[in-house]
Amino acid sequence: MSSIKIKVKKEIIEKIEEICKSFDNQSGELINVLHKTQEYLGYLPAEAQEIIARALNISAARVYGVVSFYSFFSMKPKGKCPVSVCMGTACYVRGADKIVDEFKKVLNIAVGETDNDGVFSLASLRCVGACGLAPVVLVGDKVHGRLAADDVKHIVKEYREQFAKLAEA
Amino acid sequence: MATYKYHVLICGGTGCRASQSNKIIDNFKRLLKENGLEKEVQVVETGCFGFCEKGPIVKILPDNTFYIEVKPEDVEEIINEHVIKGRKVQRLLYVDPKTSEHKADSKHMGFYKKQLRIALRNAGFINPENIDEYIARDGYKALATVLEQNDPQATIDIIKKSGLRGRGGGGFPTGLKWEIASKNAADQKYMICNADEGDPGAFMDRSILEGDPHSVIEAMAIGGFCIGATKGLIYIRAEYPLAIERLKVAIGQAREYGLLGKNIFESGFDFDIDIRYGAGAFVCGEETALIHSMEGFRGEPTFKPPFPAQEGYLKKPSNVNNVETFANIPVIINKGWEWFSSIGTEKSKGTKVFALAGQINNVGLIEVPMGITLREVIYEIGGGIKNGKKFKAVQTGGPSGGCLTEKFLDTPIDYDNLLAAGSMMGSGGMIIMDETSCMVSVAKFYLEFTVEESCGKCTPCRIGNKRLYETLEKITNGNGTLEDLDLLRNLSTVIKDTALCGLGQTSPNPVLSTIDNFYDEYLAHVVDKKCPAGQCKALKRYVIDPDNCIGCTACARACPVGAIKGEKKLPHEITQSLCIKCGTCYEKCKFNAIKIQ
Amino acid sequence: METIKLTIDNKSVEVVKGTTILSAAHKLGISIPTLCHLKMHDLNIHNKPGSCRICIVEIEGRRNLAPACVTECAEGMIVQTSSVRVINARRTVLELILSDHPADCLTCAKSGNCELQNLAVRLGIRELHYNGEKSNYQLEVSASIVRDMNKCIMCRRCETMCNEFQTVGALYAIERGFPAVVSTAFNQTLKESPCTFCGQCVAVCPVGALTEVDFTPKVIRALADKKKTVVVQVAPAVRVALGEEFGMEPGTIVTGKLTTALKNLGFDYVFDTDWSADLTIMEEGTELIGRITKYLNGDKDVKLPLLTSCCPAWVNFFEYNFPELKEIPSTAKSPQQMFGAIAKSYFADKINVKREDMIVVSVMPCLAKKYECARDEFKVNDNPDVDYSITTRELAHLIKLVNIDFNSLEETPFDSPLGESTGAAVIFGTTGGVIEAACRTAYELITKKKLERIDFTELRGIKGIRSATIDFDGLKLNIGIAHGLSNARTLLEQIKNGVCEFHAIEVMACPGGCINGGGQPLHHGNTDIVEARWDAIYEADRNMPIRKSHENPSIQKIYKEFLGAPCGHKSHELLHTHYFDKKLVVEVDLD
Amino acid sequence: MEKIKSLADLKKKREDLQSGIKLREQGDNIEEMIQVKVAMATCGIASGAKQVMDILINELNKRNIPAVVTQTGCMGYCYAEPTVEVKKPGQEPIVFGYVTPEKAEELVTKYIINNEILEGVIPVNYESIEDK
């Protein structure tokens, strides 16, 4: 039996409740609500799921069951430069696994993790549809195509420098 | 500056190159120069024309003359006759076998073209964000016709007679599906479009939605009218932002024109469409899972019956079709079922869109009539294997399909033939593999996908596929036994027999088809502990060839685990028990002394 | 009714359209093994994911094997339930389940009573051909329930009970693929979750994934401790179910053997929770009469309907889900807690034992009782009124442990003074029983007339929500009854929305009431067992010489001697409680 | 916008659209203009089609060349993205593949102005439903 309290910033509570309300607090709209909330927060922390459960009048367990079912939803914040390596078949047969390995090595993190300074996170995804450019890596929204393992450190360097500049400014 | 009068396009595809197309180019360049025409005539090498059996192909612009079977020595005549005198070289033109007529103009030589674009008719042709361009290409005419006729059953009959089958993979007859849904009375029904394209390596649905969203909207309205649904829902992957955007624009435009909404074409028929988003679950391509997902639940399939046609979205009769299926509908109405059913094979009518990918030159989206052979697709449309390597296998049907070998290259592609060959049509991914692909690893790749995408509801899929994957991993790690091969087969058969939904029932196909077609390769892994394709890291052995090694120590310094020992200027040696097979030494060696066994 | 003819294992059978192959085979006496399937028709419990794939059969002309539990019979169907293809597949599927199951049967709480274990025996599994990674989840021991999800086979029965039947929503399937399992939100503990500890998940779990917290070692230690006076109380529903654990027919009433067994076990005093059930009626009945009287006198603030408060899972449910209504339920403690409070005050004084030296053990058909007796408000100086609550199953285990031949035991009565009870108390064990008992007493107290017709049959039944209007000599009171928390929720929503016409409502969390509690012998999906207990409860009532709580002489005596009047000062101190708002609070973070 | 209320309405609309009446009303004659289509599906955009389209529009504007540049969907030639189709008045359209930003500029300076075909021509190897 719970009587635990969770603490969330006021504007976050209001925004999430507003999202739920925009879908008439219908539990059938759960996935749309989660999409919007993730768009807003960048991820779906437990607190956000509790607020959604309350607003849609469903159990938090169901919300969590749904969040953990779909790979698009994440309970961990992503890095500022999220790296997604396409592991679609076209990319796979053109060596995407080597690209992933190289990223793991260069960033020193596993797939699904974010590095210590929160700059890079590494994920794999299924087919971005740029099969002609296989193997393909997405950094944020930008597509890097026709990659070889050697390109990985250059890409990482490029973004790290960009990021360092931004941080200075 | 010169302006070219003529352009000579010479096919640079693999087939034409093999029959000396490069020599033809050389001859053109040389002879044009000799004649002082190099400023007036431009010679350009192009990609494959897809008519390799009559290559080399030379095409002259702007008059579109199409010469076939051109030999290097014919170049002189073409220049003298065509370029200088403006007369076509009759003997090099294509002769229509039926009429014995010489065909000069490639525009009227469609028959040689391997592709026929029905579902993709507008993609790459019209501006997808402009409804007018769609209407200019007969858009919404089919809907208007259907509504004017006002006879849902008659339209269903047309679709039935056309022989159209579901393009999402299963191949269920579309007309029959509509008929069943139309017969279940209810106060509300739903027409659902499955745009949750999850097959890794297939992107035809996305291309259609991005290139021709109105064709899907129009077809959904037609289907809605036929089954008695006033509401359409498109379940689309959230990973397709552009397709979503274009769909939204298209729906908005259709509403403005009154082609969606109340009283369409003043027929009294109301129909509107909402978009629902997927969230990254392959299993949601299964229609019951898709419906649960749209209702805000985990995308777990449920046992059928009840079928969606009986109890679908919100427990109301619903019909689910895939994007490509819908894209065919308006054409069938406009051009008639007779026309449509004249294309394809006996049991598979029309065309199929494939996403060609992998080790093939022309990676891309193609649409071909059913019945075309894999050979035509791979060598004539796809331009052959990349880097001149040897063809090994073609994988169709994605994680539900199988790997087909050379012996199937001349099998006509249709639903039933692919199934009989141990694969399936699937949504249309077609991955070409060359000799560098290890087939055990390919099977493992697909199983890894299935394991990750399994919803976890039924035992065979949740645990069975995991065990299949683990066994394959054991084999690629060099720890497999002959008994494992037996167990793989038995478990695969049981999973196919017992899994709850289509995903599970087809998930062992990549294993079974590779065991069947590449048993030797499995044996090599298990018995000889070797990976013939050289892909399995654990089975690689790096050794130093003492004859080539000069003892430069570059490899020893680079080895991250200190597995390489040796005196300076003397041959080095790799301690196998320490080697982690990272390949660093192989890359560092400048003397080709490190060999992979 | 449209019927269908089909052949199963070369035998023809005719069934009603819509019948599953499983039921049709059953009709022919062919038993198809199942695992995830659970169907308790009259109780409206149906778990049919069709997902374990143990019950697969071969149907001629079909490409795949079909699950018998969800596949409906079709005309002319030819079914093989045990062909070699089926057996190979069934064994392989079972091996797969076992390959992701800890092989710790020796120390598993379910050993000997496990559906998976039985299946492994039935299919003769000697060797696992498929091995690999095993699930690894955190073990959780809550106040009532142990969750060892490494043993979960994803039958989803618990999820169905928790969500569809109880609408509690503590458990749900999470993750997907191999890591998929039934869990709580964010893998929080049950205590942090909205769990009511009703134990229905445990009652249906076919394996050892969900079991009760075992207090038998503690009870044994207490019994072995010479310095402690160990008092035991036994709930009404226990006496109609315990026999099942010893091979007796479901519905056998074993009250006399039960008391003998407890005495043999070494309990110093063997008392009856029925006694405190009668006490509950005095308190709750008086409270009801008080509220009704106020209401009739035009008091607009009076809280009606009065909701019963004997069921601790139900109390948990409204504290979490409807805290705004927490003033409505009766403030009377449950019989278990009333007993504990009296035992450690009135009775302890009487026998001159210090509170700290007395151990009160309760035998309950319930798991929520374990949680209830651990609640802080039921402790005095950190010493709980009831020390250990054990289930019917745990008691059976204790009896077996000390080699008592239960079936041949002499029958003995309960000890005095907390052992005397009435028929009204026995029916506390079933849905409708508490309110019927209350009506028997309230009628006589309100009308001052003798109640001629003791059986309020209009309050009995198995329907999830029932109602009746009882004529109290001109005063017509609307009585509502709900069992199963989804039904309770429906009534609570009505109260919240101000559309409830009832004056009093009885709620029990478990389907059928305590006879089918989470601590009872496992029914394995057999509704007949539950119904037999139900009949037995009313039989036990009929067998009692006194059938109205206020006529219990021992109860009359304690009011005279100790408590004073029902709902009086002393009663309030010892026998009444208050409720808490346990709804999740989302607070604004000001940083 | 006016609603289309019948098949006849739709037919008329289609005819108007097909004869390019709309453009003519605006003072342009589509038949005399160069039509440029840029394949702008995900794959095209991922390979830089947006930039290519911007360059094409810029270069054409700079030189006052009467042309219509539009986006279209995937032409199917993923291996050669970005792809651009150019149709000169009275001529067959030509599809150019591998159109990098530099090549986009060349497409204007070399092909559109000087009629010099660039490398990477993709022969159209499909039949459309009109042909069949």
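Two strands are taken to pair if DSSP finds at least two bridges between them. Helices (H or I, at least four residues) and strands (E, at least two) are themselves DSSP runs, numbered from the N terminus. This is a predicted model, in which local features need pLDDT of at least 70 and side-chain atom pairs count only at pLDDT 80 or more, while totals for chains, interfaces and linings use all residues. Residues are numbered from 1 along each chain as its sequence is written, and chains are lettered from A and ligands numbered from 1 in the order in which they are written.

**Chains A and C**

Strand β1(A) is joined by 5 bridges to strand β23 (residues 585-589) of chain C, and the two run parallel. Within this pairing, A:V8 has C:V588 of β23(C) as its bridge partner. Contact here requires that the C-beta atoms of two residues, placed from the backbone, lie within 7 Å. On that basis, 24 residues from chain A and 27 residues from chain C take part. At least two residues each come from β1 (5-9), α1 (10-22), α3 (46-56) and α4 (60-69) on the chain A side. Of these elements, α4(A) gives the most, with 8 residues.

**A helix pair in chain B**

The axes of α18 (residues 482-498) and α20 (residues 509-517) of chain B come within 9 Å and cross at roughly 135°. Axes are lines fitted to C-alpha atoms, for helices over the stretch in contact, and angles run from 0 to 180 degrees between N-to-C directions. α18(B) and α20(B) are therefore oblique to each other, a class left for angles that are not under 35 degrees (roughly parallel), over 145 (roughly antiparallel) or 65 to 115 (roughly perpendicular). In α18(B), B:L485, B:L488, B:R489 and B:S492 meet B:V511, B:L512 and B:I515 of α20(B).

**Chain D**

Chain D contains 5 helices and 6 strands, in the sequence order α-α-β-α-α-β-β-β-α-β-β. Its C-alpha trace spans about 45 × 35 × 25 Å along its principal axes. Chain D is divided into domain 1 (1-27) and domain 2 (33-122), with bounds from an automatic or database domain assignment. The centres of these two domains, taken over C-alpha atoms, are 28 Å apart.

Among the 5 pairs of chains that touch, chains B and D have the most contacts. Chain C and chain D do not touch, and 29 Å separate their nearest C-alpha atoms.
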